[in-house]
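Here is a short briefing to read with the structure open beside you. We will go through it topic by topic.

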Amino acid sequence: MKILTGNDLGTGDVIWWAGDGWSRQVGDSVDVGDKGEELARSEEAALRVVGAYVIDATVTDEGVRPAHIKDRIRALGPTVRPDLTLKPNDADAGNWVI
Amino acid sequence: MYRYDSYDQSIVDARVEEFRDQVQRRLAGQLTEDQFKPLRLMNGLYLQLHAYMLRVAIPYGTLNARQMRKLGEIARKYDRGYGHFTTRTNLQYNWIKLADAPDILAELATVEMHAIQTSGNCIRNISSDQYAGVSADEVADPRPWAELLRQWSTFHPEFTYLPRKFKICVIASEEDRAAMKLHDIGLKLVSRDGQVGAEVYAGGGMGRTPMVAPLIRDFVPEDEIVPYLEACLRVYNRYGRRDNKYKARIKILVHELGVQEYKRQVEDEFAHMRELGLNPPVEELARIRLFFANPAYEQGLSEEIDRADPAFALWVDRQVAAHKQPGYAIVNISLKPRGGIPGDASAEQIELVADLAEQYSLDELRVTHAQNLVLPHVKKADLYAIWQKLDEAGLAEANLDLITDIIACPGLDYCSLANARSIPLAQKLSERFADTGRQKELGELKVKISGCINACGHHHAGHIGVLGVDRKGVENFQLSLGGSGAEDASVGQITGPGFSEDGVVEAIEKVTDLYLAQREEGERFLDTYRRIGMKPFKEAIYG
């Protein structure tokens with residue numbers, strides 16, 4: 001599947017296109033098919049996102065999984081600071097990115 | 001320390017207000033990201049993996065307590081309670097909101113700080129020796145020169161859009177603690193017939209094409225250093241490869257022209273500069289020098305250190321260096337705790353070091369390119385009290401220049417350019433080699449880790465260097481041996497095929513075992529490597 005990601009213009013937070021808006025959870029991502037580039041342009045123009053780009057991902061038992069490790073780290077947070085990730089209570093969350 | 005005059009303060013204040021307007025226009029949609037990006041980068045604001053990152057300049061790595069305290073306050077107020085000291089002696093905040101950036105810069109300006117020249121193709125923050133002004137072996141204090149060059153380079157209209165970024169370092173000792181020869185231009189202050197001047201090295205650097213800077217002039221009198229640098233920059237600005245980002249650094253120009261031809265062109269330009277009479281006014285250097293006069297050291301202090309506490313004695317032996325003034329010492333504070341993140345410091349730790357600098361170090365501290373901190377003026381009688389406070393805060397690791405004093409860039413945990421994570425590897429090595437006795441037995445051994453070929457982790461200059469690469473989406477680590485950023489500067493050589501994260505830890509274990517088996521009396525790891533060469537290490541690693 002193709003999913004769309006970028007950073008929130010104001011906060012810089014990593015965000016994922018969820019179909020009717022942006023989410024901070026990669027698991028909310030929807031397949032954008034071949035509409036990703038167009039969506040990116042319109043959402044950037046609307047000042048909701050910066051640096052938007054389309055990536056490959058798969059759906060696994062654990063949810064949506066970006067194809068590349070860089071985007072998996074973006075989805076989780078820094079693996080060396082579990083307390084600052086989106087799963088602060090899961091000390092092993094960093095293993096998901098590998 | 002230097003203090004801003006009204007010119008310094010007014011240009012920094014004006015820049016804050018200019019950026020505040022630019023941010024407002026970006027948030028209002030009046031500027032596109034393509035228009036805004038170069039403006040935010042000129043103010044040190046990057047968009048990284050998880051958020052905006054602000055890189056704050058720490059000129060020649062020097063801070064007073066008030067400035068350090070402000071860095072801690074900003075970490076707590078605007079970020080997530082910590083900052084990261086970098087190999088460029090700057091500080092990075094990882095979780096900045098765009099709308100907050102102008103307020104942060106305004107707060108920095110109140111303590112004579114900014115984020116100017118921490119990005120872009122300009123002359124970057126000037127670097128220097130963390131022992132400047134307190135080392136007994138220096139020819140002259142390099143800080144007035146670093147400050148003069150800061151002022152000269154700030155908003156220099158001719159050098160704001162160079163072919164690529166440009167890094168200058170000034171040292172004044174035989175021992176190079178600042179990786180001077182791995183800068184675009186390195187200056188080493190020397191004395192000839194009683195006159196101070198500089199050896200000039202040009203065309204060094206790391207990145208994808210590492211080079212040790214060759215000497216291009218063995219003596220430039222001190223009153224001609226700035227015009228000589230201007231000539232070096234002019235030749236580079238004119239002929240640097242603007243057509244290819246990867247060949248645009250001065251090291252490529254010097255290499256392609258050849259040292260002699262580059263030098264000839266610089267000398268021609270220098271002769272022209274002399275005719276123009278553009279030397280900086282002597283009075284300005286004299287004015288700057290006044291700020292760096294020796295502080296009011298106490299006389300007649302005791303040289304005794306009570307070493308009754310063994311943990312304290314261990315720390316003194318490793319972290320405390322000789323000061324030029326009797327009764328005083330230089331304290332190195334490790335930011336490499338066991339299993340920790342190299343260079344990271346919490347707001348509380350930053351504020352503690354600010355307090356220690358104020359109470360015990362004549363209101364001054366330094367940041368090193370090895371991502372540690374220094375209290376430069378400590379009475380020996382105060383060492384135990386300082387150690388106790390550092391120990392309580394987790395800052396009393398005794399590992400300066402040992403195998404766990406690892407340089408590591410932020411890597412793929414934070415950086416959008418990285419290909420692999422640097423920090424987890426540093427943490428594993430830190431745990432593997434944590435035993436104090438083993439570290440001491442290994443002696444000086446500098447491990448440096450970069451998460452991509454841009455080499456912010458200085459891996460080329462590591463006695464043991466590690467470069468993280470992306471192999472079909474999987475992190476892979478190349479090992480290199482024999483690099484040095486010191487006065488015996490050299491570029492490390494790759495051992496062979498790369499490793500997984502665990503694999504490179506095992507490989508480093510084999511490298512250190514072979515070193516211990518092969519070393520001769522008094523040899524550091526680097527000495528043994530240079531004597532026996534790569535072959536036995538490759539055999540040990542790859543069988």
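## Chain A at a glance

The radius of gyration of chain A is 13 Å, and a compact globule of 98 residues would come out near 13 Å, so the two agree. Please keep in mind that this is a predicted model.

**Overall build of chain A**

- Chain A contains two helices and five strands.
- Following the sequence, these elements come in the pattern β-β-β-α-β-β-α.
- Along the principal axes, the C-alpha atoms of chain A fill a box of roughly 40 × 30 × 20 Å.
- Of the 98 residues in chain A, 35% are buried.
- Among contacts in chain A with a separation of 6 or more, 44% are between residues 24 or more positions apart.

**Strand pairing in chain A**

- Strand β1 of chain A (residues 2-7) runs antiparallel to strand β4 of chain A (residues 50-60), and five bridges join the two.
- To find this pairing on screen, look for A:Leu4, which stands opposite A:Val54 in β4(A).
- β4(A) also pairs with strand β5 of chain A (residues 63-66), again in the antiparallel sense, over four bridges.
- Here A:Ala57 has A:Pro66 of β5(A) as its bridge partner.

**Where the two chains touch**

- The contact between the chains involves 23 residues of chain B and 21 residues of chain A.
- On the chain B side, helix α13 of chain B (residues 423-432) gives the largest share, with three residues.
- That side of chain B divides into 13 nonpolar, four polar and six charged residues.

**A five-stranded sheet in chain B**

- Five strands of chain B form an open sheet with mixed pairing, in the order β6-β7-β8-β9-β10.
- Its edge strands are β6 (127-128) and β10 (215-221) of chain B, each of which pairs on one side only.
- Strand β9 of chain B (residues 195-202) and β10(B) run antiparallel and are joined by four bridges.
- In that pairing, B:Gly197 has B:Pro221 of β10(B) as its bridge partner.
- Helix α5 of chain B (residues 143-153) packs on the sheet and touches β6, β7 (168-171) and β8 (185-192) of chain B.
- The direction of helix α5 of chain B makes about 160° with that of β7(B).

**Two packed helices in chain B**

- Helix α7 of chain B (residues 250-257) packs against helix α8 of chain B (residues 259-276) at an angle of about 110°, and their axes are 5 Å apart.
- α7(B) and α8(B) are therefore roughly perpendicular to each other.
- α7(B) makes the contact with B:Leu253, B:Val254 and B:Leu257, while α8(B) uses B:Val259, B:Glu261 and B:Tyr262.
- Five of the residues in the contact of α7(B) with α8(B) are nonpolar, none is polar and one is charged.

**A hairpin and its neighbour in chain B**

- β18(B) and β19(B) form a hairpin with two residues between them.
- The two strands, β18 (464-471) and β19 (474-481) of chain B, run antiparallel and are joined by eight bridges.
- B:Ile464 has B:Leu481 of β19(B) as its bridge partner.
- β19(B) is largely enclosed by the rest of the structure, because six of its eight residues are buried.
- β19(B) is also joined by two bridges to strand β20 of chain B (residues 493-494), and these strands run antiparallel.
- In this pairing, B:Ser480 stands opposite B:Ile494 in β20(B).

**Backbone angles worth a look**

- Most residues other than glycine have a negative phi.
- B:Lys472, in the turn of the hairpin of β18(B) and β19(B), has a positive phi of about 50°.
- B:Lys472 is exposed, with 5 other C-beta atoms within 10 Å.
- B:Asp193 is not a glycine either, yet has a positive phi of about 50°.
- B:Asp193 sits in the loop between β8 and β9 of chain B.
- With 6 other C-beta atoms within 10 Å, B:Asp193 is exposed.

Technical notes. Residues are numbered from 1 along each chain as its sequence is written. Chains are lettered from A and ligands numbered from 1 in the order in which they are written. This is a predicted model: local features need pLDDT of at least 70, side-chain atom pairs count only at pLDDT 80 or more; totals for chains, interfaces and linings use all residues. Axes are lines fitted to C-alpha atoms, for helices over the stretch in contact, and angles run from 0 to 180 degrees between N-to-C directions. Angles under 35 degrees count as roughly parallel, over 145 as roughly antiparallel, 65 to 115 as roughly perpendicular and the rest as oblique. Two residues are in contact if their C-beta atoms, placed from the backbone, lie within 7 Å. Ala, Val, Leu, Ile, Met, Phe, Trp, Tyr, Cys and Pro count as nonpolar, Asp, Glu, Lys and Arg as charged, and the others, Gly among them, as polar. Two strands pair if DSSP finds at least two bridges between them. The radius of gyration is taken over C-alpha atoms; the globule rule is 2.2 Å times the number of residues to the power 0.38. A residue is buried if 20 or more other C-beta atoms lie within 10 Å of its own, exposed if 12 or fewer, and partly exposed in between; C-beta atoms are placed from the backbone.
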